[in-house]
Each structure stands twice: as C-alpha cells, then as structure tokens.
Amino acid sequence: MNDTPRFNAHILRMLWLMLLSVVFLACAGSARKETLAVPQTVPVEKQSVSQEEMSAPESPDPFAKEASAATALAAATAPSDEPAWASGKEELFYRMEFLGITMGYARFHYKGKVSWNGKETYHLSVRAWTSGLLSVFYPFDGTVEYFLDQKTLAPLRQEFSGKMKDADYVAIFDQEKGKIVYRNKKTGVVRNEVDTPLNVYDPVTAAYYYRGRALGSEEPPRQVYAGRKIWQISMKPLGREKIDTSLGPVEAVVMETVITREGQVENNAGLKMWISGDARHVPVRIHAKFRRIKMWTMEAELMPPGERG
C-alpha cells in the first residue's frame, strides 16, 4: 500500500491547476517591464535550523539511464544569480474560484535563507484552505514548508502540517540518488520511499525555479513529481495582453502550459496564466477550462495588499 502523504484529493485538484500553471511564469521574453503593485520584498537575515538524521537504505535506481543527462541538465540550467523573489520576504495571496464562486485561498510566503543539513536553502511556506460552502463539505487548512537548494532551487525537504491527513510527516529529497523518503516527524519511522529521476521538482519548487530564470530564456521540460507520478512540464507563450484585475490594469504575458507523461499530453484542462513582466515574474491570474465539461472553469487571481482570505 502506498502511504505517501498527500492533500485531500479535491483540494489537491484546486491547487494542482494553480501550481502547474505558475511553473511557466518565466517565459516573458518580450514583456514590457512594469512594477506590479504587490507586497514589497523586505530584506531578511540568514538563519539556521538543526540537522535531522534522515538515513534510508539504498535501492536500485530505475532511472539510472537518465542519470547522466539529468545531472548535465541541472548543471547547465542551475540559476547563476539570486532570483529576484529571494531578495527579501514575499507574500502572495490568491483567491480561487470555481464557476465564479470563491472556493478557497492560497498563500505563498518566502521567509528567507536558512542552513539545513549543511546546505544553504530558501525557505518557502505554502498554505491552502477552503472557504464558504466548500469548507462545510470539505474542511481543509494545510501548510507545507519547503526548503530549496540555493544552487538549483530543487527541493531538499518538505514539512506537512495543519488540518490535513498525514500532517505529521516530513519528506526528504535525496537529489543525488533520486529518492524521496517520507518519515514521521515525531518517531522518525519511514512511511514510504519513492524513486525519482535525479534533480526532480514538485509543482511549487518548479514554479519558483522558473521565476528565477532570465526573461526569454528557452528552458527544457522539468521533471516534476506530483500525484505519485513523474510529469514533464513545458511552456508555450501566447502573447501579451493588458488585463483588468483587482490590482488595476496590468500588462501581462499570456502563457499556456503543456503537461506530458511518457510522451503523451496529459492536460485535463486548458491552463492559461497571466504574469507580470518585472524582475519578480509574479503570476497575476491563472485560468483553467475543463475540456470534458466546457462550461466548467476555475480561476485564481492575485489579491491586493491588505486583503486576506
């Protein structure tokens, strides 16, 4: 039985549509540079956290044939400079709507730089919660703490907490061996192990990876682990558009995501996003249109400073 900790399936779908779209917010090569009226970054001091022993028995790597290519790819595409979003604390709040009805909110909070297990990392905190009618049928309020390698922006550690199933677990990413180990935070007992390609991302860390890339750079698909599967995610620019938002008019670049698995396109919905053209590459609006039921739509929009769900 696979006991990998995961979000409630219904809320995961909501976050999934949002996060997969955000992954491609760096493909804004010809975007007009414009400062977006979102919360300003605040310089933060470097911190440190205690090391936790996370050893696990080795097992054969089913992705061994891809190891050399993955290592070379990571070295070639590793960010050379500190991403703009990491220059200070940042909080981005999003309202998520289904068929025009607010169903929940999500917060993406960059907290600063910390040292973990001898490596320098960026600390992110992602929280999602339901609201309104959905919170009655599917009450959910979960948070995941992320620690990203400062050199590659790949995840090294995740901590689950909040009102969600399996909230007492931590995930350790061994990016050199291609393995994710899930352990109980209190007992240290291993719950599950997952073999992955080397230098694998998840939707959140892949999004922040692309936020740190230079505008107009061509990027190969990222290997992303989500929903107990490995996906290849790439991007397709659709052009520029000036949109009216709760933040006011914004000049944005429109992107469409392409999600593939084993060479087959896996998009279950048409995913589009609108991103700012400034150095921070902030996603302003994300829109999902379901193919099976065309009238169904889901949308996430960045909320103005001072507004919280």
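**Group meeting: a walk through the predicted chain**

Okay, let's start with H4, where Pro203, Val204, Thr205, Ala206, Ala207, Tyr208, Tyr209, Tyr210 and Arg211 are buried. By buried I mean under 20% relative accessible area, with exposed over 50% and partly exposed in between, using a 1.4 Å probe and protein chains only. So that's 9 of the 9 residues of H4, and the helix is largely enclosed by the rest of the structure. Helices (H or I, at least four residues) and strands (E, at least two) are DSSP runs, numbered from the N terminus.

Housekeeping, quickly. This is a predicted model, so local features need pLDDT of at least 70 and side-chain atom pairs count only at pLDDT 80 or more, while totals for chains, interfaces and linings use all residues. Residues are numbered from 1 along each chain as its sequence is written, and side-chain values use heavy atoms, with hydrogens and water left out.

How confident is the predictor? pLDDT is its confidence in each residue, from 0 to 100. The chain averages 74, and 68% of the residues score at least 70. Over residues 50–77 the pLDDT is below 50, and that stretch has 41 contacts in the model beyond near neighbours in sequence. Residues 6–45 also stay under 50, with 134 contacts beyond four places in sequence. Contact here means heavy atoms within 4.5 Å.

Now the overall picture. The chain has 4 helices and 16 strands, and buried residues make up 52% of its 309 residues. Take the contacts between residues at least 6 apart in sequence: 55% of them join residues at least 24 apart. The accessible surface comes to about 14900 Å², and 51% of that belongs to carbon and sulfur atoms. Areas are Shrake-Rupley with a 1.4 Å probe, and for residues only the protein chains shown count as cover.

On to packing. A nonpolar core is a set of buried Ala, Val, Leu, Ile, Met, Phe, Trp, Tyr and Cys residues joined through side-chain atoms within 4.5 Å. Which members of the largest core touch the most others? Out of 50 residues, those are Trp85 and Leu124. And here our helix comes back: H4, residues 203–211, supplies the largest share of this core, 5 residues. Leaving aside neighbours within four places in sequence, Leu124 is in contact with Trp85, His109, Tyr110, Val144, Glu145, Tyr146, Leu148, Val204 and Tyr208. Apart from that core lies another one, of 6 residues, including Val250, Ala252, Trp274 and Val284.

Leu133, Val136, Phe137 and Tyr138 form a surface patch with about 450 Å² of accessible area together. Patches are built from residues with over 30% relative accessible area and no salt bridge, joining like charges within 9 Å and nonpolar side chains (Val, Leu, Ile, Met, Phe, Trp, Tyr) within 5 Å. Phe137 sits in helix H3, residues 132–137, and is exposed at 58% relative accessible area.

Salt bridges next: a side-chain nitrogen of Lys or Arg within 4 Å of a carboxyl oxygen of Asp or Glu. By that rule we count 10. Since Glu145 lies in strand S5 (residues 141–149) and Lys111 in strand S3, the pair ties together parts that are 34 residues apart in sequence. Glu145 is buried at 13% relative accessibility, whereas Lys111 is partly exposed at 30%.

Then there's Asp195 with Lys179, at 3.0 Å. Asp195 is in strand S9 (residues 190–195) and Lys179 in strand S8 (residues 179–184), 16 residues apart. Asp195 is partly exposed at 28%, while Lys179 is buried at 8%.

In the Arg285 and Glu301 bridge, the closest N and O atoms are 3.1 Å apart. Arg285 is in strand S15 and Glu301 in strand S16, so that pair also ties together parts 16 residues apart in sequence. Arg285 and Glu301 are both buried. There's a network too: salt bridges that share partners join Glu90, Arg211 and Arg280.

Last thing, backbone angles. Most residues other than glycine have a negative phi. Leu99 has a positive one, near 55°, in the loop between strands S2 (90–98) and S3 (101–116). His281 is also positive, about 55°, in the loop between S14 (269–276) and S15 (283–290). Are these two residues buried or exposed? Leu99 is partly exposed at 40% relative accessible area, and His281 is buried at 3%.

Technical notes: pLDDT is the predictor's confidence in each residue, from 0 to 100.
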